[in-house]
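Here are my notes on this structure, as numbered points. Please keep the 3D view open while you read.

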Amino acid sequence: MSDNGVNGKSARGDILIEVENLVKYFPVRGGLLQRVQAYVRAVDGVSFFVRKGETLGLVGESGCGKTTLGRSILRLIEPTSGEVRFEGKDIIGMRQSELKPMRRNMQIIFQDPFSSLDPRVPIGESIAEGLVIHNIGTKEERQEMVQDALQKVGLYPEHARRYPHEFSGGQRQRIGIARALVLQPKFIVCDEPVSALDVSIQSQVLNLLRRLQDEFGLTYLFIAHNLSVVEHISDRVAVMYLGKMVELASREELFRNPLHPYTLALMSAIPIPDPTVHRERIILKGDVPSPLNPPSGCRFHPRCPVAIDICSQIEPEFDEVSPGHWVACHRVSSAQP
Amino acid sequence: MDLHSETLLTMEEASQLQLVWKRFRRHRLALLGAVMLSIFVLAALFAPLLAPPVPRGANTTKVGLLPDPTAIDPINQHLPPGTKGHILGTDEVGRDILSRLLYGARVSLYVGLMATLGSESIGAIIGAISGYYGGVIDTIAMRVTDFMLTLPLLPILLVLSAMMAGRAPTAFARINYLIIILVAFGWMTSARLVRGVVLSLREQEFTEASKALGASDVRIILRHMLPNAIAPIIVNATLAVGGYIIVEAALSFLGFGVQPPTPSWGNMLTRVQDYMFQNPTLAIWPGLCIFLTVLSINFMGDGLRDALDPRMRSERVGGG
């Protein structure tokens, strides 16, 4: 089965990860018998691919499903349906025993540096955990690998014996990166790795991630809610709204020629560090609707400044309107056939 | 390099254990409790050396110079404290009270510590599994826990220990049966406690990090859940030790725990009712031992809770 997958995708050989129609519904239980009363549609049919060695930025408001998407890809959350192919192999259907060796290739860096390290484990042991689990090297070799990883992220080997509470937020984030790196993964999901950090530390960590990418040829899925950060690090950018992907394009294309009205609104919210520049802000009406009961048709239509009748009735397809530029919007599709 | 300048701000090397000890030391009462408990434990361990030897020929059945808390001496009943050879006097059948207290400490402390070890371990395992897996497993485990908690403990203990009494070949086996019964009905509190802690730990990102690294559930529970739940477990354990010593005393007092002539602090109190006015010290000594042991363990529990409190640690971090 997996052989077919590899052959089928050989034409697009540079694709590392391909996500197809990924869906994650969280059941909402209630009442006396804890019956399922509704579903939160956190991720609702998302498809995209990530090329080897590139960084795909993923932006969207809080609660739009970015984090759920990132974790479903790694099966830290079991998706409801859909496929995730890593180097052609579908990892959603894998049994736990098959999945374990795959985990070496796919790692994750977390948002909160204060909860991502076990407070009772010295950081050296935290970093070595992956090596122990996958039975890599002798004890001495592992120690060496840990010290090597610490140095790569800009910490001292002596730090291995210390506990997480002895480090600052930025240092902890680098420890988290070292833990992900030590298994020499190909793909890393960066789940808002700098959102919890001071601006001065943010750039340190971003530059570290870039340097490591160059050094080891890493592929990143970089989740963020800050467009400036995404612009800084991404090769391509995807925009999510309420569990759906609404636009996906290369960084230059997306920032020069944003097509989806939601992307336009996001762009207009980026502060420009020049008081003389005047720009029209697109202020969205209302709040993000509940993913429990998303709007009919295009999910963005109640807040969309250019919505027409069809938007509330039919869900727009995620179409490739120009090479490498996908948009899900009736207005764009009709304007640019 | 600016990357390294941050490291200068980190604390001096200090292991977790040293930090805990440092904070524990500051707690005066806890330290007092620890010292008192150590004295009791040492006294129990070295009972054969500390107890006065039985004078040759004093006992019709046992002859020798070994201390023997069961040696009966009908001539010397109810000797007052301070009598030569019997510092704390003798009881209603002429047994040396100090000997009985020392050997009784062995039984009481053994029951208290072993029952605590057993019930905390079982409770921790059940609680960790229940909290970590959640769902149906959690529901079943917690309903069973609730059910066990509703059972009236004392009548059940009385019935079970009476049933087990006939099957125990030796006094020691009987004590172990008693411990098993206490564990079987004592794990619920710690199970609930650990479940609560694990429920919150499960949502922390380090749990997901371990999963992403490929860690098995067993590894995550043993390496990450239980070590982080150790603080409430230890605190609960210190309270439980005192509780079990009292339950043992209560059962023995009612005649269903440790059977005479084997001394325990509880069964030393049993016969005292009849001699309350004739020789009140008979009640005072074992009562005082139980009281001081439970008190010292509770003091220690207070100190340990403070020493292991994560907020104490976050205070240190708060500045950074």
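**Notes on a predicted model**

1. Start with two helices of chain B. Helix 5 (residues 97-133) of chain B packs against helix 9 (residues 188-202) of chain B at an angle of about 35°. Their axes lie 7 Å apart. The crossing of the two helices is right-handed. Keep in mind that this is a predicted model.

2. Look next at who makes that contact. From helix 5 of chain B come residues including S119(B), G123(B), G127(B) and Y132(B).

3. Helix 9 has 15 residues. From first C-alpha to last, helix 9 reaches 21 Å, close to the 21 Å expected at 1.5 Å a residue.

4. Which residues of helix 9 of chain B are buried? They are M188(B), S190(B), A191(B), R192(B), V194(B), R195(B), V197(B), V198(B) and L201(B). What covers them includes helix 5, helix 6 (135-150), helix 10 (205-213), helix 11 (217-228) and helix 12 (230-253) of chain B.

5. Finally, turn to the two chains together. Here, 30 residues of chain A are in contact with 25 residues of chain B. On the chain A side, the elements that give two or more residues are helix 3 (96-103), strand 6 (106-109), helix 4 (123-133) and helix 6 (169-181) of chain A. The residues of that side divide into ten nonpolar, eleven polar and nine charged.

Technical notes: Residues are numbered from 1 along each chain as its sequence is written. Chains are lettered from A and ligands numbered from 1 in the order in which they are written. This is a predicted model: local features need pLDDT of at least 70, side-chain atom pairs count only at pLDDT 80 or more; totals for chains, interfaces and linings use all residues. Two residues are in contact if their C-beta atoms, placed from the backbone, lie within 7 Å. Helices (H or I, at least four residues) and strands (E, at least two) are DSSP runs, numbered from the N terminus. Ala, Val, Leu, Ile, Met, Phe, Trp, Tyr, Cys and Pro count as nonpolar, Asp, Glu, Lys and Arg as charged, and the others, Gly among them, as polar. Axes are lines fitted to C-alpha atoms, for helices over the stretch in contact, and angles run from 0 to 180 degrees between N-to-C directions. A crossing is left-handed if the near helix is turned anticlockwise from the far one by less than a right angle, and right-handed if clockwise. The expected span of a helix is 1.5 Å times one less than its number of residues. A residue is buried if 20 or more other C-beta atoms lie within 10 Å of its own, exposed if 12 or fewer, and partly exposed in between; C-beta atoms are placed from the backbone.
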